[in-house]
Amino acid sequence: MDDYKIEYKTVVINNKNMASFYCLPGVRGKCSSANHVITIYKYEISPDLVLSKQDIDKLRAKISRWNRKEPEILAHEKQHAKNAVAASPWKTPKNIYEFIGLYCMDEASARSAENLIVKPKNKIDILNAAIKGTEDFLKRKDFYLNHFENALYSNIVCFNPCKPAHPIVRNNSLNMFKESYSTEFYDALSAYFTFYGYELLKDTSIKQTPEWSKFCANVKQIKSACMSHAKAIADQIKVMQQ
């Protein structure tokens with residue numbers, strides 16, 4: 001991921017977009033593996049914004065809070081970049097279960113990386129960061145699963161050979177709707193949860209700890225949610241074929 005370019009974009013909060021900024025989470029960063037660019041978004045207030053001093057102060061506090069998170073956001077997007085190089089969620093999967101699973105674990109991995117900014121990089125700190133990352137993902141799982149499901153429909157359940165996920169269809173045919181997990185899938189998960197050269201999923205010395213049990217419980221919840229969404233899609237496809 002060393003060849004990724006990091007660029008910054010400033011979003012100006014003005015009278016037209018202020019209401020949206022108040023009620024929506026907003027974009028923090030973006031990793032584009034297609035052109036190897038990581039974009040970090042910064043926010044500032046337009047000089048002509050019409051608000052009371054109290055509301056301006058609230059807005060300024062929110063923007064300051066977001067801008068202070070730049071190190072975490074950058075770590076998050078860099079992890080996405082590293083994961084894409086190790087095992088692209090578009091190219092690695094052999095079926096829709098792996099597709100949704102890799103996308104979810106890619107996001108959980110990136111959220112884990114955020115938690116390692118100011119901590120020592122020993123194995124327990126990394127394990128705790130992974131626990132927090134998977135917990136953060138679970139809090140938002142419905143949003144992400146719906147997003148990944150829409151991406152799957154628009155990229156796989158179609159007849160467009162130009163779509164990035166078309167090789168999954170071409171290489172696996174109807175097997176793409178059957179639940180199975182390949183060696184490549186598990187290798188990808190291991191790569192996603194490798195931080196600073198430490199391969200978390202391959203370390204047997206931590207597997208009797210309560211922290212490891214908690215991490216595994218979180219992963220089990222993520223897997224269950226992924227399976228449920230993938231099965232629903234597979235069942236819909238079967239009905240459409242009849």
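Student: Which residue in strand 3 is the bridge partner of Lys 30?

Tutor: This is a predicted model. Strand 2 and strand 3 run antiparallel, joined by four bridges. In strand 3, Lys 30 has as its bridge partner Thr 39.

Student: In the hairpin of strand 2 and strand 3, which residue takes a positive phi?

Tutor: Four residues sit between the two strands of this hairpin. One takes a positive phi near 55°, and that residue is His 36.

Student: In what sense do strand 1 and strand 3 pair, parallel or antiparallel?

Tutor: Strand 1 covers residues 5–13, and nine bridges join it to strand 3. The sense of the pairing is parallel.

Student: How many salt bridges does the structure hold?

Tutor: Side chains of opposite charge can pair when their charged atoms come close. One case here is Arg 28 with Glu 114. Another is Lys 42 with Glu 70. The number of salt bridges in the structure is eleven.

Student: How many residues apart in sequence are the parts that Arg 28 and Glu 114 tie together?

Tutor: The closest N and O atoms of this salt bridge are 2.9 Å apart. Arg 28 lies in the loop between helix 1 (18–23) and strand 2 (29–32), while Glu 114 is in helix 4 (residues 96–114). The pair therefore ties together parts whose separation in sequence is 86 residues.

Student: Asp 57 and Lys 53 meet in a salt bridge. About how many helical turns separate them?

Tutor: The N to O distance is 3.0 Å. Lys 53 is exposed, with a relative accessible area of 64%, whereas Asp 57 is partly exposed at 34%. Both lie in helix 2 (residues 53–68), four residues apart, so the separation is about one helical turn.

Student: Which residue joins Lys 53 and Asp 57 in one network?

Tutor: Salt bridges that share partners make this network. Lys 53 and Asp 57 belong to it, together with Arg 60.

Student: Which element gives the most residues to the largest nonpolar core?

Tutor: This core has 46 residues, and Ile 96, Ile 100 and Cys 104 are among those with the most contacts inside it. The elements giving two or more residues include helix 5 (123–139), helix 6 (141–155) and helix 9 (210–241). With ten residues, the one that gives the most is helix 4.

Student: Leaving aside neighbours within four places in sequence, which residues is Ile 100 in contact with?

Tutor: Ile 100 is one of the residues with the most contacts inside the largest core. With those neighbours left out, its contacts are Leu 145, Leu 152, Cys 226, His 229, Ala 230 and Ile 233.

Student: Where does the largest share of the lining of the largest pocket come from?

Tutor: The largest pocket has a volume of about 1300 Å³. Of its 37 lining residues, those closest to the centre are His 76, Glu 77, His 80, Glu 107 and Tyr 144. The largest share of the lining is seven residues, from helix 3.

Student: Leu 74 lies in helix 3. Leaving aside neighbours within four places in sequence, which residues is Leu 74 in contact with?

Tutor: At 16% relative accessibility, Leu 74 counts as buried. Thr 194 is 17 Å away in space, C-alpha to C-alpha. Apart from those sequence neighbours, the contacts of Leu 74 are Ile 6, Ile 38 and Ile 40.

Key:
Residues are numbered from 1 along each chain as its sequence is written. This is a predicted model: local features need pLDDT of at least 70, side-chain atom pairs count only at pLDDT 80 or more; totals for chains, interfaces and linings use all residues. Side-chain values use heavy atoms; hydrogens and water are left out. A salt bridge is a side-chain nitrogen of Lys or Arg within 4 Å of a carboxyl oxygen of Asp or Glu. Buried means under 20% relative accessible area, exposed over 50%, partly exposed in between (1.4 Å probe, protein chains only). Two strands pair if DSSP finds at least two bridges between them. A nonpolar core is a set of buried Ala, Val, Leu, Ile, Met, Phe, Trp, Tyr and Cys residues joined through side-chain atoms within 4.5 Å. Contact means heavy atoms within 4.5 Å. On a 1 Å grid over the protein atoms alone, a cavity is a set of points where a 1.4 Å probe fits but cannot get out, and a pocket is an open set with protein on both sides within 12 Å along at least five of seven lines; lining residues have an atom within 4 Å of a point. Grid points are joined across faces, edges and corners, and a volume is the space filled by probe spheres set on the points.
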